[in-house]
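Reader: I am new to this structure and would like to learn how to read its features one at a time. Could you take me through them slowly?

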Amino acid sequence: MEEREVVVIGAGPAGLSAALEAARAGAHVLLVDENSKPGGQLFKQIHKFFGSHEHRAGVRGIDIGTQLLEEAERLDIEVWLDAEACGIFNTTDVWIVRNKEKSVTVRAKRIILATGAVENSVNFPGWSLPGVMGAGAAQTMINLHRVLPGQKILMVGSGNVGIIVSYQLLQAGADVKAVVEAAPRLGGYGVHTAKVRRAGVPFYTSHTVLEARGTDHVESATIVQLDDKWKPIPGTEKELDVDTICIAAGLTPLVELAFAAGCEPLYSPLLGGMVPWHDRSMATSIPTIYLAGDISGVEEASTAMEEGRMAGLSAAYSLGYVDRETYAVGFDAAEKRMLALRSGMFGQKRRDAKAAIVGHSRG
Amino acid sequence: MQRIIDHPVLGPLPEVKMVRIIVDGESLMAREGEMIAAALIATGKKYFRKTVKTHEPRGIYCGIGRCTDCVMTVNGIPNVRTCVTPVEEGMVIETQMGYGVWKQEQ
Amino acid sequence: MAGSYDVIVIGGGIIGLSCGYYLTKQGKRVAVIEAGGFADGASGACDDMILFQSKKPGINLELAFESLELYKSLVGELDDSLGFANYGGMVLIQNQQELEVMEEFVTQQQSYGLDVKILDRKEMLRKQPFLSDRFIASTYSPMDSQAYPFAVMHKLSGKGRKLGMQVIHKSPVTGIEKDGNGDYRVSTGQNLTYTAPVVVNATGAWAGKVAALAGAYVPMEPRRGQIIITEKVPAVGETNLWTAKYLVSKLKSGFEIDSTEEEKRLGLGFAFTRTEGDSYLIGSTRESVGYDKRTTMEGIRAIINQAVSIVPVLKDVNFIRAIAGLRPATPDGKMILGEHAGMKGFYTAAGHEGDGISLAPITGKLLADMVCGTTDARLGELSPNRFAKDAKEVS
Amino acid sequence: MAEDKDFFICRCEEVTLREIEQVIDEGYDTLDDVKRITRAGMGLCQGRSCSKVIARIISQKTGKPIEEVLQVSYRFPVRTEKMKALEQGGGSDATDN
Amino acid sequence: METKDTYEKGLKITGAPSLDELHASPCYQLPPKERRALAAVIECIEGIPCNPCETSCPVGAITVGDEITNLPVVDFEKCTGCGICVAACPGLAIYLKKYEFKENLSYIAFPFEYLPLPPEGATVQMVDRYGEYVCDGTVLRVVKIKRMDRTTVVHVSYPNDYYERVVNMKRLPAN
């Protein structure tokens, strides 16, 4: 069995930030990721990030990804790619399959889970046809793989993911025919919807997809208006000429590893569903296991990076790498930056939901 | 269904070596290192497999190896996730019907 | 008081539901009380074979024949395929010594009416082209069949309920006592009490514990069986597979098998069956670890190593789940079925170990007949009272 | 058209909304019960895209709170793996929780 | 078809802020017609946690303040119309405008992240906040410099009549 001080699972924004912080404090860090390239969703995020200068605002996600990776290299962080974490036993032993070929168990003093989230689905007749896909899948195709999955797009869901991916599909050369939103109001930031709208994309609130049709692939979609009980209103059906339907119906924390390891669950509808309970320092009910990013509740990359810093620093502190004073200063600064992101009309609810998790007394 | 040759943020598509893949018997070119699914989308392939029970066509859905809807038979091995498996020179890729068939080499 | 019935069946696994179903069919008012949810016990974590070849001529083989016939009629009765299929089975033989033992065994089984024969290597490979080189021959029986346990349980429960049977989930039994009328009062974790003149203890590996609540003795040991489940794959050969290795050691005392310490500790045996869902169930271990139902890395790895060494093409197949169930084992390897001496109306139907799916219908039917007054003379050897001597030693 | 229930909830095992609702109507009200009977969520993706949807359907039909329905146990491997990955592999003698 | 009704529904229904919403927000200020220089116009009315507009401005003309969810406010006294904020804004919610920079023609410089880019001198179709064609415009400059990090700023002149309504241009068909 191999041994490491800190094992970080997931090399997205949260995991990378956690690994960097723990390594800066002096811990030996192993960062594992199932993909062949690190960075998680960052390398699909070709837009400029919000926030303040300290959050690297105004920098594109792809460039933040590159910066974080360069830093990881400078700090000699050990990175295993094509490495899938399949289980955690006895609170310390991480079962990792490398290159789909070989199992390795790594005994870690601290484990930081930064496994991210998985896209929710919306089910309607025809949703399993080729051409219906997660908005994230479309984003992966256009921004990572540089192929357009379709020319005529219907986007389902108007949260930031749906809107940003709509914009990026336009940038990639596709035609977004409509964005439908089941709620009576659009979900994402107004500045995002505004840039998609002025590109000529119509938004349909209180609308949903009724059906997708096609033989081997989507050839058209029917949308319909919903009444105030979210039931379709007969006669309001509209047929759209689309070849691709992207689903952006929110994300669910990818919690399997945490719960299979025995971390206590807590339900937080606002943050995407079941999340592992954690305290302010990002530690779970199993003291050797920490969380960072969407696994602890779905937010966005900037928050994930701050949570990663908090988790990495806390793990290093618990191993004795930093003194109390330094820890308090560093942690408080990260927490302050994070709370700044959890403010305003969009952030306050998340701030309250997070506070409810941290404040939830166990047992 | 096409490659994105130029992009306002990502810039022009970098030149890479092309490799030959065989898709349902047809010889096609793909960009070295790209995922099978990307190579097939670029050629306009409409579906990657048909399901076991209802013989429905399926293609990519999650795009990151989680949902396993995009599986095909690759080099004789069924159920290969094409969205996370890179193409290789000479790779034989087949639309998978149901759970596919084993390559009979014994 | 939650209700009074003619019969209370404790345990909602495949045996309990079969007992409940056949009792209900005979007009009894039945409640089946299950500690967990649907298929939470061993019946939800087993393979799905109705296997003949592993059985020594005797009551088990005889009952398996009868059970198979019942399965065939249940398909119509319950209005569902029940995942019933008849792929046949082969027991793989890897050396001359094994072959000799198996030849003798096959002859015995044939004389008992089982359609089984020995295949030479060439015939074996025709049916199983993906086998590793190391097998020299195999047996083959077209009779080995299977059923999908979840479907069987779901339909027994559904049809039973249509006929008036009650199925109560999430109700662990905490006490069994007699009331003034001579009826049994069965109380559950929810502080509910059910009464009936007849109680059937069909709690599998827990049968000893439940019997003890009533003051009865049932010697039952849990054996953990771990199994892995593959993704849907094309059929690997025509039949289900087992290996002769352990069978031979059971049949021939003193036969030394070549196993590692780990394999011995895990009680590793090879069972390879195609499911209704087009995946494979690959087993299994047989471990004495008390009531620990967890799967282990060691167990999973051992099963996989063995499977890949026997069917190498499996190395590129994904396994998607590992499951473990507690098989109920009796001291003599035969199930327990019958009324306890001195405890009128208290029956046990448990202890099938790996034969629960095979023998569920016949167990339920025989039990129901017994409760309704028809006793099958053959069942003496399955009576719970055969362990009475041990009980005295225990107490 | 709005009443169409013959579309899949579970893509992997091809289980429809109608089949899932039928089982819930029979009185099965946990995610495990519904999965075992319909096979929804038992396929290659292990319920990643459908568990939450099924939980919501159960909750809506039975009135059970969603957080109660969502309490499920997870088993390893949490990712599907090829058997060769374990064939020679290391690993402790650890036990699943 | 867009109706008057649509225009009044507002940001959370149509995706674009209505003029009523903009006029009610302290963030949005249309440069007065008499102003001589270009000035930054910000359409960011929701209080998202973000402040690169403030930090990028070399003359301190944009204020968000300590709470980064405050709405940005432009000080026209200080604003020089340099346009750095246009490319710095992650939400692409800032453009520069000037009324009647030439006879009967107004001026707009807006962020544009699509290909192909228009050549200088080209006639392009100007759109409103809903993407509806409003009028033609003439491309004056296409600014694409490293500091703007792949956000191009396109400068266009267009008729004064549509001073407030025009915010951007239609994407051009692929070559």
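Author: Let us begin with a term that we shall need, for a residue is called buried when its relative accessible area is under 20%, exposed when it is over 50%, and partly exposed in between. Please keep in mind throughout that this is a predicted model.

Reader: Is E:Tyr107 buried or exposed?

Author: With a relative accessible area of 10%, E:Tyr107 falls under the 20% limit and is therefore buried. E:Phe101, at 28% relative accessibility, counts instead as partly exposed.

Reader: How should I read a pair of aromatic rings?

Author: A pair of aromatic rings is described by the distance of the centres and the angle of the planes. Over all chains, the structure holds 25 aromatic pairs. One of them is formed by E:Phe101 and E:Tyr107, whose centres are 5.0 Å apart and whose planes make an angle of 80 degrees, and this pair is edge-to-face. Rings can also gather into a group, as in the aromatic cluster formed by A:Tyr167, E:Phe110, E:Phe112 and E:Tyr114.

Reader: Which charged residue sits over the ring of A:Trp127?

Author: That is D:Arg11, whose charged end sits 4.7 Å from the centre of the ring of A:Trp127. A further case is found in chain B, where B:Lys45 lies over the face of B:Tyr47, at 5.5 Å from the ring centre.

Reader: Let us turn to the chains. Which two chains have the most contacts among the pairs that touch?

Author: Eight pairs of chains touch, and among them the most contacts are between chains A and E. In this contact, 40 residues of chain E meet 39 residues of chain A, and the area buried between the two chains is about 3,200 Å², with carbon and sulfur atoms giving 50% of it. Between chain B and chain C, the contact takes 11 residues from chain B and 14 residues from chain C, while the buried area is about 1,100 Å², of which 65% comes from carbon and sulfur atoms. Chain E has no contact with chain C, the closest C-alpha atoms of these two chains lying 43 Å apart, and no contact with chain D, where the closest C-alpha atoms lie 24 Å apart.

Reader: How many salt bridges are found across the interface of chain E and chain A?

Author: A salt bridge is read from the distance between a side-chain nitrogen of Lys or Arg and a carboxyl oxygen of Asp or Glu, which must be within 4 Å. There are three across the interface of chain E and chain A, whereas the count between chain B and chain C is zero. Over all chains, the structure holds 70 salt bridges. A:Arg60 lies in the loop between strand S2 (29-32) and helix H2 (61-74) of chain A, and E:Glu113 in the loop between strand S5 (105-112) and strand S6 (123-127) of chain E, so their pair joins two chains. The closest N and O atoms of A:Arg60 and E:Glu113 are 3.0 Å apart, and both residues are buried.

Reader: What does the salt bridge of E:Glu46 and E:Lys12 tie together?

Author: The closest N and O atoms of E:Glu46 and E:Lys12 are 2.8 Å apart. E:Glu46 lies in the loop between S1 and helix H4 (52-56) of chain E and E:Lys12 in helix H2 (residues 11-14) of chain E, so the pair ties together parts that are 34 residues apart in sequence. Salt bridges may also link up into a network, as they do for A:Glu34, A:Glu84, A:Lys100, B:Arg66, B:Arg81, D:Arg79 and D:Glu81.

Reader: Finally, how do I read a sheet, and which strands stand at the edges in chain B?

Author: A sheet is read from the order of its strands, and the open sheet of three strands in chain B has the order S5-S4-S9, with mixed pairing. Strand S5 (57-58) and strand S9 (96-97) of chain B stand at the edges, each with a single partner strand, so one side of each is left without a neighbour in the sheet. Strand S4 (residues 49-50) of chain B pairs with S5(B) in the antiparallel sense over two bridges, and B:Lys50 stands opposite B:Pro57.

Reader: Where are the buried residues of strand S1 of chain E?

Author: In strand S1 (residues 39-42) of chain E, buried residues cover both faces, with E:Ala39 and E:Val41 on one side and E:Ala40 and E:Ile42 on the other. Four bridges join S1(E) to strand S4 (residues 94-102) of chain E, and the two run antiparallel.

How values were computed:
Residues are numbered from 1 along each chain as its sequence is written. Chains are lettered from A and ligands numbered from 1 in the order in which they are written. Side-chain values use heavy atoms; hydrogens and water are left out. Two strands pair if DSSP finds at least two bridges between them. Rings of Phe, Tyr and Trp (its six-membered ring) pair if their centres lie within 6.5 Å; planes under 30 degrees apart count as stacked, over 60 as edge-to-face and the rest as tilted. Buried means under 20% relative accessible area, exposed over 50%, partly exposed in between (1.4 Å probe, protein chains only). A charge sits over a ring if NZ of Lys or CZ of Arg is within 6 Å of the ring centre and within 35 degrees of the ring normal. Contact means heavy atoms within 4.5 Å. Buried area is the accessible area (1.4 Å probe) that two parts lose on being put together, summed over both.
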